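Please look over the structure shown here before reading on. The notes that follow go through it topic by topic.

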Amino acid sequence: MSKLVIQNGRVIDPSTNFDQLADVAIEDGVIREIAANIDDSGAETFDASGLFVAPGFVDIHVHLREPGFEHSETIESGSRAAAAGGFTSICCMPNTQPVNDSATVTSYIVDRARRHAVVNVYPIGAITKNSDGIELASFASMKQAGIVAISDDGKPVMNARVVRHAMEFARALDMPLIEHCEDLHLSAGGNMHEGLVSTRLGLRGIPRSSEDVMVARDILLAEVTGVRYHVAHISSHIAVEMVAFAKARGLNVTAEATPHHFVLADSDMLPYDSNYKMKPPLREQPDVAAVTQGLISGVIDAIATDHAPHPGDEKMQEFERCPFGIIGLETALGLALEQLYHPGHVGISHIVKLFTSNPARILSLDRGTLRPGAPADVTIFSADRPWTYDVAKSPSKSRNSPFHGRNFKGGPVATIVAGRFVWRLEDV
Amino acid sequence: MSRCLLDIESISRQDIEAILARSKTFQPAPGEPFKRTTILQGRSIVNLFFEASTRTRTSFEIAARRMGAEVLSITSSGSSVSKGESLVDTLNTLGAMRPDAIVMRHAASGAPHFLSRYLPVPIVNAGDGTHEHPTQALLDALTIMDRRGTLENLRVAIIGDIAHSRVARSNIFLLSKFGAQIVLCGPATLLPRQMGQIAPGIELTTDMEAAIRGADVIMMLRVQLERQNEAAFPAAEYFSFYGLRLEHIEAAKPNVIVMHPGPINRGREIASEVADSQRSAILNQVENGIAVRMAVLEKVLAA
């Protein structure tokens with residue numbers, strides 16, 4: 001019997017509305033008890049004085065690149081980057097090679113994760129075969145193999161009839177459908193947000209409307225089908241308003257935002273630096289403000305990173321040839337504290353909710369809680385420790401981050417999965 | 001000013017005035033041959049053209065030779081560029097040969113900016129995608145100065161495919177630093193609203209006659225079909241609405257200057273009678289290109 005007691009931390013568990021200085025006892029990989037002064041005889045201890053102790057963070061949107069793109073990331077390296085970011089559970093998008101559109105690929109990922117990942121990995125299956133947007137993938141058998149949601153992320157499902165059928169199917173299986181909202185005709189050839197900055201730089205733009213029209217379409221279809229519909233990486237202020245509208249109508253609609261979309265605007269981009277190139281693109285200041293406000297008000301349910309590794313040689317090209325996406329697991333908490341907590345917009349428990357109980361609820365994961373009996377996934381973090389992000393030290397195989405060299409106030413200190421430390425800050 | 005010339009937007013009015021003043025000293029007197037100097041003797045310049053260009057490449061070559069520099073021109077066909085070598089590798093290879101400067105044209109906006117972050121060799125942008133073409137704006141400014149003596153308080157109409165024009169962007173940034181009133185004109189799909197905000201003093205119109213009324217300078221842009229992913233306007237109608245004809249000239253100021261970065265499409269964006277008229281400064285632009293590029297190369301290599 002292994003026993004661990006995390007002592008004297010401020011324990012915050014939004015799933016049970018718990019917020020007190022307390023000890024957390026873990027036994028055999030399971031949360032045993034949360035109380036003051038737990039007997040630590042025979043137990044390993046961790047002094048969490050001055051730190052926050054939260055349920056393990058859940059990231060419902062990452063790209064692990066395995067199978068097929070192991071030079072960018074593997075399930076193992078991505079899971080280590082997750083652990084370094086305080087995440088204990090991650091959900092990986094299906095745009096691998098081959099695409100995760102069958103139970104065979106799902107089983108491969110589940111098996112690789114079981115053997116090599118240091119955090120829990122939940123695969124997300126494709127909506128359509130090869131994510132081509134034409135023929136529905138085998139949801140039911142993928143669900144049996146372990147997927148927790150469906151998405152063609154990286155691409156939208158352009159055909160409204162196909163997505164409607166997928167929604168009907170997903171509803172019957174009680175699985176959420178996650179859409180990458182981008183009208184490909186409107187965004188064609190675009191490399192950054194269409195606006196003053198793209199005009200100055202002579203880069204083709206991706207208009208905000210390319211996101212908005214898809215969010216609008218999908219909300220209408222979500223009402224028709226009753227599906228649990230989730231908007232990935234929301235970035236447009238109009239899309240945020242539409243999600244609020246859908247929620248006001250009582251629809252099963254949720255949304256996530258990435259740290260880069262609530263921290264950076266197109267005007268923050270270093271000219272032609274592909275570490276600022278992603279989809280959806282960095283938008284304008286009013287969009288950043290609306291996404292931030294959405295996270296504060298609850299219109300946006302969760303923070304997800306859209307961790308998208310690309311190796312250096314792919315990002316070292318002409319801006320328009322570089323692939324879209326940035327890594328984000330290690331900087332997510334620091335950025336959330338910077339943008340939401342330190343300015344006083346929300347308390348710590350709200351931050352924890354955005355990283356734990358809310359994302360777990362969206363995908364119906366049995367995670368994101370410290371309830372006794374739950375798997376002992378715990379994130380211990382500081383809200384004030386100064387540190388500087390050095391992407392060269394990232395456990396990820398890729399280095400594409402615009403946040404290299406950024407100074408943070410607060411971040412992860414230790415990450416525990418099933419009662420075992422999978423990452424610890426060396427100098428604590 | 002750094003040792004590169006990447007764009008007009010980021011350089012100061014003083015830098016521009018200095019380049020133009022120096023360019024004037026390189027202009028030949030009427031009827032005289034072009035001046036030769038030995039200022040850049042022993043220096044080597046690589047012209048790296050990833051995109052087809054005759055006049056700009058030739059102009060840079062002549063400018064370099066007239067100053068005594070060795071110049072090597074590489075175009076994308078017939079080089080490793082077309083063998084799939086990446087931009088960084090090509091430039092690293094060239095960088096290892098230690099040229100004193102690289103003059104570069106590329107179809108991707110920002111390609112020279114990207115490279116300048118990694119290469120110690122000074123880079124002169126000879127046109128990057130739909131972004132900027134700084135030496136074109138400098139030679140246009142010199143041409144206007146020749147005819148008007150000043151760049152101040154002019155009304156300049158820029159007409160054509162504004163959205164995809166690097167010539168337009170560089171000219172807008174330059175002229176606006178001198179307080180010009182700039183009117184951008186073209187079909188609505190090629191005239192993004194945001195162009196009105198990229199610098200002070202810009203108006204937008206889709207009405208060619210309104211654009212030309214009272215203009216001191218008319219800059220026509222080439223219709224760059226190759227820069228459009230899809231036809232954003234009905235090509236058959238273009239000349240009737242946005243082609244420059246003699247009757248337009250009458251609405252402008254009597255001594256209006258008509259400019260075009262070339263190569264011109266006669267009958268598409270400009271009528272032959274206009275291109276060949278007294279008002280046309282098109283050949284002066286070409287000539288001034290050499291003087292301006294001499295001044296730019298000298299400045300870049302001076303360090």
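**A sheet in chain A**

Strand β14 (residues 253–257) of chain A and β15(A) run parallel and are joined by 2 bridges. The model is predicted.

- One of the bridges can be followed residue by residue: A:Glu256 has A:Ala302 in β15(A) as its bridge partner.
- The sheet is open and has 5 strands, paired in parallel, in the order β9-β10-β13-β14-β15 (chain A).
- Its edge strands are β9 (150–151) and β15 (302–303) of chain A, each of which pairs on one side only.

**A covered helix in chain A**

- How many residues of α1(A) are buried? The helix is mostly covered, with 10 of its 10 residues buried.
- These buried residues are A:Ile75, A:Glu76, A:Ser77, A:Gly78, A:Ser79, A:Arg80, A:Ala81, A:Ala82, A:Ala83 and A:Ala84.
- What do the buried residues of α1(A) pack against? Their partners are the strands β6, β7, β8 (120–123), β17 and β18 and the helix α2, all in chain A.
- After α1(A) comes A:Gly86, which has a positive phi, near 90 degrees.

**Cis peptide bonds in chain A**

- The peptide bond that leads from A:Glu66 to A:Pro67 is cis, and its omega is near 5 degrees.
- A:Pro67 sits in the loop between β6 (57–62) and α1 (75–84) of chain A.
- A:Gln97 and A:Pro98 are also joined by a cis peptide bond, with omega about 5 degrees.
- A:Pro98 belongs to the loop between β7 (87–92) and α2 (103–116) of chain A.

- A:Asp28 is a residue other than glycine, yet its phi is positive, near 50 degrees.
- The loop between β2 (18–27) and β3 (30–35) of chain A holds A:Asp28.
- Is A:Asp28 buried or exposed? A:Asp28 counts as exposed because it has 11 C-beta neighbours inside 10 Å.
- A:Ser364, also not a glycine, has a positive phi near 50 degrees.
- A:Ser364 is placed in the loop between α14 (357–362) and β16 (378–388) of chain A.
- With 13 other C-beta atoms within 10 Å, A:Ser364 is partly exposed.

**Domains of chain A**

- The domain assignment divides chain A into domain 1 (3–53 + 375–389 + 408–424) and domain 2 (56–362).
- Taken over C-alpha atoms, the centres of domain 1 of chain A and domain 2 of chain A are 28 Å apart.
- Where the two meet, 21 residues of domain 1 of chain A are in contact with 25 residues of domain 2 of chain A.
- On the domain 1 side of this contact, at least two residues each come from β16, β17 (407–417) and β18 (420–424) of chain A.
- β17(A) gives the most to that side, with 8 residues.
- By class, the domain 1 side has 13 nonpolar, 5 polar and 3 charged residues.

**Domains of chain B**

- For chain B, the domain assignment gives domain 1 (13–132 + 286–302) and domain 2 (134–281).
- The centres of domain 1 of chain B and domain 2 of chain B, taken over C-alpha atoms, are separated by 25 Å.
- The contact joins 21 residues of domain 1 of chain B to 18 residues of domain 2 of chain B.
- α1 (13–26), β4 (123–128) and α11 (282–302) of chain B each supply at least two residues of the domain 1 side.
- Which element gives the most to the domain 1 side in chain B? This is α11(B), with 7 residues.
- The domain 1 side divides into 8 nonpolar, 8 polar and 5 charged residues.

**Contact between chains A and B**

- Chain B brings 21 residues to the contact and chain A brings 17 residues.
- On the chain B side, α3 (87–96), α4 (111–116) and α6 (166–177) of chain B give two or more residues.
- α4(B) provides the largest share of that side, 3 residues.
- The residues on the chain B side are 8 nonpolar, 10 polar and 3 charged.

Key. Residues are numbered from 1 along each chain as its sequence is written. Chains are lettered from A and ligands numbered from 1 in the order in which they are written. This is a predicted model: local features need pLDDT of at least 70, side-chain atom pairs count only at pLDDT 80 or more; totals for chains, interfaces and linings use all residues. Two residues are in contact if their C-beta atoms, placed from the backbone, lie within 7 Å. Helices (H or I, at least four residues) and strands (E, at least two) are DSSP runs, numbered from the N terminus. Ala, Val, Leu, Ile, Met, Phe, Trp, Tyr, Cys and Pro count as nonpolar, Asp, Glu, Lys and Arg as charged, and the others, Gly among them, as polar. A residue is buried if 20 or more other C-beta atoms lie within 10 Å of its own, exposed if 12 or fewer, and partly exposed in between; C-beta atoms are placed from the backbone. Domain bounds come from an automatic or database domain assignment. Two strands pair if DSSP finds at least two bridges between them.
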